[in-house]
Amino acid sequence: LEGRLASFKKNKWPHPKHWQGVTPQTLSQAGFYARPLLPDSPDNVACVYCRKNLDGWEATDEAWTEHVKHGATCPLVRVAEQD
């Protein structure tokens, strides 16, 4: 978790803290680390488990909801659904 959190600081996460569903903390808890691939996708993240890349985050998005929607086969999502 700490390494994932550090990736957001290192890569200067572009979204404001009031976007509560996509903060570095919520994204890290959902298995993501910051991985900006191109200058036009500074908010790209990747899952450490399934390697799914997501970008284009919006103020109303929720990290877990988006991970489930786009990475349903991810081992982390499967474990979370069983709890």
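Two strands count as paired if DSSP finds at least two bridges between them. Strands (E, at least two residues) and helices (H or I, at least four) are DSSP runs, numbered from the N terminus. With that in hand, here's a spot to look for: Ala34 stands opposite Val45 in β2.

A quick note on the source: this is a predicted model, where local features need pLDDT of at least 70, side-chain atom pairs count only at pLDDT 80 or more, and totals for chains, interfaces and linings use all residues. Residues are numbered from 1 along each chain as its sequence is written, and side-chain values use heavy atoms, with hydrogens and water left out.

**The sheet**
- Three strands make an open sheet in the order β1-β2-β3, with antiparallel pairing.
- β1 and β3 stand at the edges with a single partner strand each, so one side of each has no neighbour in the sheet.
- β1 and β2 are joined by three bridges.
- Helix α1 (residues 2-10) lies across β1 and β2, at about 30° to β1 (axes are lines fitted to C-alpha atoms, for helices over the stretch in contact, and angles run from 0 to 180 degrees between N-to-C directions).

- In soluble globular proteins, nonpolar side chains tend to be buried together.
- Here the largest nonpolar core has 16 residues, and Phe8, Trp13, Leu27, Phe32, Val45 and Trp57 have the most contacts inside it.
- β1, β2 and α4 are the elements giving this core two or more residues.
- Such a core is a set of buried Ala, Val, Leu, Ile, Met, Phe, Trp, Tyr and Cys residues joined through side-chain atoms within 4.5 Å.
- Buried means under 20% relative accessible area, exposed means over 50%, and partly exposed is in between (1.4 Å probe, protein chains only).
- Leaving aside neighbours within four places in sequence, Phe8 is in contact (heavy atoms within 4.5 Å) with residues including Trp13, Leu27, Phe32 and Val45.

- Ala63, Glu66 and His67 are the buried residues of α3.
- Those buried residues fall within an arc of 100° seen down the axis of α3, so they line one face of the helix (the arc is that of the directions from the helix axis to the C-beta atoms).
- They pack against α2, β1, β2, β3 and α4.
- The whole structure has one salt bridge (a side-chain nitrogen of Lys or Arg within 4 Å of a carboxyl oxygen of Asp or Glu).
- Glu66 forms it with Lys69, with the closest N and O atoms 3.4 Å apart.
- Both residues sit in α3 (residues 63-70), three residues apart, about one turn of the helix.
- Glu66 is buried at 12% relative accessible area, while Lys69 is exposed at 55%.
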